Amino acid sequence: MPEDWQRALAIVAHPDDLEYGAAAAVARWTSSGREVSYLLVTRGEAGIDTMEPAEAARVREAEQRASAAVVGVGSVEFLDHRDGVIEGGVALRRDLAAAIRRHRPELVVTLNHHDTWGGTAWNTPDHRTVGRAVLDAAGDAGNRWIFTDLAGEGLRPWDGVRWVAVAGSPQPTHAVEVGEEDVERAVASLAEHRAYITALSDREPAAYARDVVTGGLDAAAPHTGGRPAVAFQLYPRG
Ligand SMILES: [Zn+2]
């Protein structure tokens, strides 16, 4: 995984999307002095069966901010797309290009945009839509003749995205090896999604989070000499 960069922007559909795997890499990056910001396309308001969307949006936004803070991410922004029915297309690409121009990242991180998680485990429409739009927007952000109105908002083109790294891809190409401290922070980061985890599991959130995070990191270990790692599919640009 490339190391010669300073700023990353992680763009995903829902609160918790980064915590189910990528957060250990984020912990590693921020502890080595890199800046990482999060952009959530929705507030995950349709994600808790037993909670009305307006309340879930409020709870999940707070959980996401707490979760980001645990891995050293202070900048967490939310767009106002609707959870479960995110529309792909020009409007979404414009929102993402605007965010990329504002943050000027060298690395953009997103979640699996493929149809499945591997095999026949079907991915969700929001993940597929957002992941593909992120890959598109990395280019849109650098073209002055696309979304020309953004320049009027002070958002100059940014053609500096050098890689888009897709977490959770069934076709990983790279990995970030993580240490014990990174793993602990990633576990704590997922456990901050307390209301969400409590609604979907009978287990105590910290125990649930530990199993999920360590299970994911161990899955990459055969490719890294047995060391825990976060795997990504890397799309270099330029
Ligand atoms: Zn999600």
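Two residues are taken to be in contact if their C-beta atoms, placed from the backbone, lie within 7 Å. Among contacts in the protein between residues at least 6 apart in sequence, 76% link residues at least 24 apart. The model is a predicted one, where local features need pLDDT of at least 70, side-chain atom pairs count only at pLDDT 80 or more, and totals for chains, interfaces and linings use all residues. Residue numbers start from 1 along each chain as its sequence is written.

As for the overall build, the protein has 8 helices and 7 strands; these are DSSP runs (helices H or I, at least four residues; strands E, at least two), numbered from the N terminus. The radius of gyration is 17 Å, close to the 18 Å of the globule rule for 238 residues, so the protein is as compact as a globular protein of that length. That radius is taken over C-alpha atoms, and the rule is 2.2 Å times the number of residues to the power 0.38. Along the principal axes, the C-alpha atoms fill a box of roughly 50 × 45 × 35 Å.

Strands β1 (residues 7–12) and β2 (residues 35–40) run parallel over 6 bridges, and Ala10 stands opposite Tyr38 in β2.

Strand β5 (residues 163–167) is mostly covered, with 5 of its 5 residues buried. Trp163, Ala165 and Ala167 point one way, Val164 and Val166 the other. In a regular strand, side chains alternate between the two faces of the sheet. On one side, β5 is joined in parallel to β4 (residues 107–111) by 5 bridges, and Ala165 is the bridge partner of Val109. Strand β7 (residues 229–236) also pairs with β5, this time antiparallel over 5 bridges, and here Val166 stands opposite Gln233.

Then come the helices. Axes are lines fitted to C-alpha atoms (for helices, over the stretch in contact), and angles run from 0 to 180 degrees between N-to-C directions.

The axes of α1 and α6 (residues 180–191) come within 8 Å and cross at roughly 125°. That makes α1 oblique to α6, given that angles under 35 degrees count as roughly parallel, over 145 as roughly antiparallel, 65 to 115 as roughly perpendicular and the rest as oblique. The contact involves Ala23, Ala24, Ala27 and Arg28 of α1, with Asp182, Val183 and Arg185 among the residues of α6. Helix α6 also meets α8 (residues 205–220): their axes come within 8 Å and cross at roughly 130°, so these two are oblique to each other as well. Among the residues in this contact are Val183 and Leu190 of α6 and Ala209 and Val213 of α8.

Methods:
A residue is buried if 20 or more other C-beta atoms lie within 10 Å of its own, exposed if 12 or fewer, and partly exposed in between; C-beta atoms are placed from the backbone. Two strands pair if DSSP finds at least two bridges between them.
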